[in-house]
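Please look over the structure shown below, with attention to its aromatic side chains and to one of its helices.

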Amino acid sequence: MNDLVLNYLLPTAEKGDEYGNAATPPPAPIPPAPRTVKPRGFGVGERSTVPISIGAALALLLAWWLVAQTGWVPSLFMPTPAEVWATGVTIFTEGYANATLWEHVAASLTRIVSAAVIAVGLGVPLGLLMGLNRWAKGVPDAPIEFYWPLPPLAYLPLMIIWLGIGETSKIALLALAMFAPVVLSAQAGVRALPLERVNAALSLGATRGQLFTHIVLPSALPEILTGIRIALGVGWGTLVAAELIASTRGIGYMIMSASHFLATDAVFVGIGVIAALAFSFSLAMRLAERVLVPWKGKH
């Protein structure tokens, strides 16, 4: 009787079969699969915006074609895309303003690259120094903040008076226009450096040189590259003004020469060439950012 009661009270896993063998315990319950929750996106997100940009560009071309084709704007002021394309082919094959298209492009590239090398070579070290030392910041800060908001045409006459009408004044004008964004971006990159990184490096025994090369410079590099991109955009925008100074070559000179004869289609071609070159420089800087600062925007 006691065995029957005990056998009844024991759980199933502890009971034996009729031959006295221990029963197989029931299988353990399968835990539910973990639910993965994707965090909600914010801002632009991870999806590419290239299709949107291509669609917007096609819409602009279509609007241009409609405005020009329907005659809402006279052809003198708004040529059709076909007319601009035909003029571009002619300039490409025969040249314009006593020079081939490649000679104009080479002259403009020489000026913009020379000015960029000067602006970056002087602006990056000065900006880093301004971010590290208050005396170095205080001395050049006022002149930079004074001339930075000025349009380049405002000090173009001074460049002519001081440096003449040769290539020196053109390159100096472009270099001045690009210098301030590079300096300010390098300084901002140093000022944005978290103090925790500096203190951690110092606590591990880093020297001043190691602190600069391993902490300060890598942290400021994203801002520096962004400043160079902005500076190149400013430089291309100043190119037409720089090539007003007694030039016989250059895309800006070609545009101004065409405007004197009301050749609007040639002006459009020159604007398109500058836009293509500026976009190529911007694309090269974006690729450089991916290679040099792959961590940008990921922390």
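Is Trp236 buried or exposed? In this predicted model, Trp236 is buried, because its relative accessible area is 5% and the cut-off for burial is under 20%.

**Aromatic pairs**

The count of aromatic pairs comes to four. Among them is the pair of Phe92 and Trp102, whose ring centres are 5.7 Å apart and whose planes stand at 75 degrees, so that the pair is edge-to-face. Phe92 belongs to helix H3 (residues 81-94) and Trp102 to helix H4 (residues 101-132), so the contact ties together parts that are ten residues apart in sequence. Phe92 is partly exposed, whereas Trp102 counts as exposed. Trp236 and Phe281 also form an edge-to-face pair, with 5.5 Å from centre to centre and 80 degrees between the planes. This pair links distant parts of the chain, 45 residues apart, with Trp236 in helix H9 (residues 208-242) and Phe281 in helix H11 (residues 264-292).

| Residue | Relative accessible area | Class |
|---|---|---|
| Phe92 | 47% | partly exposed |
| Trp102 | 56% | exposed |
| Trp236 | 5% | buried |
| Phe281 | 23% | partly exposed |

Helix H2 (residues 50-69) contains 20 residues and spans 28 Å from its first C-alpha to its last, close to the 28 Å expected at 1.5 Å a residue. After H2 comes Gly71, which has a positive phi near 80 degrees. Val50, found in helix H2, is partly exposed at a relative accessible area of 49%, and together with Ile54, Leu58 and Leu61 makes a nonpolar surface patch of about 380 Å². In an α-helix there are 3.6 residues a turn, so residues three or four places apart point the same way.

Terms used
Residues numbered from 1 in each chain as written. Predicted model: local features only at pLDDT ≥ 70, side-chain atom pairs only at ≥ 80, totals over all residues. Heavy atoms only, no water. Helix = DSSP H or I, 4+ residues; strand = E, 2+ residues; numbered from the N terminus. Expected span 1.5 Å × (residues − 1). Patch = residues over 30% accessible without salt bridge, like charges linked within 9 Å, V, L, I, M, F, W, Y side chains within 5 Å. Areas by Shrake-Rupley, 256 points an atom, 1.4 Å probe, with all protein chains shown as cover. Salt bridge = Lys/Arg side-chain N within 4 Å of Asp/Glu carboxyl O. Buried < 20%, exposed > 50% of the residue type's maximum accessible area, 1.4 Å probe, protein only. Phe/Tyr/Trp six-rings, centres within 6.5 Å; stacked < 30°, edge-to-face > 60°.
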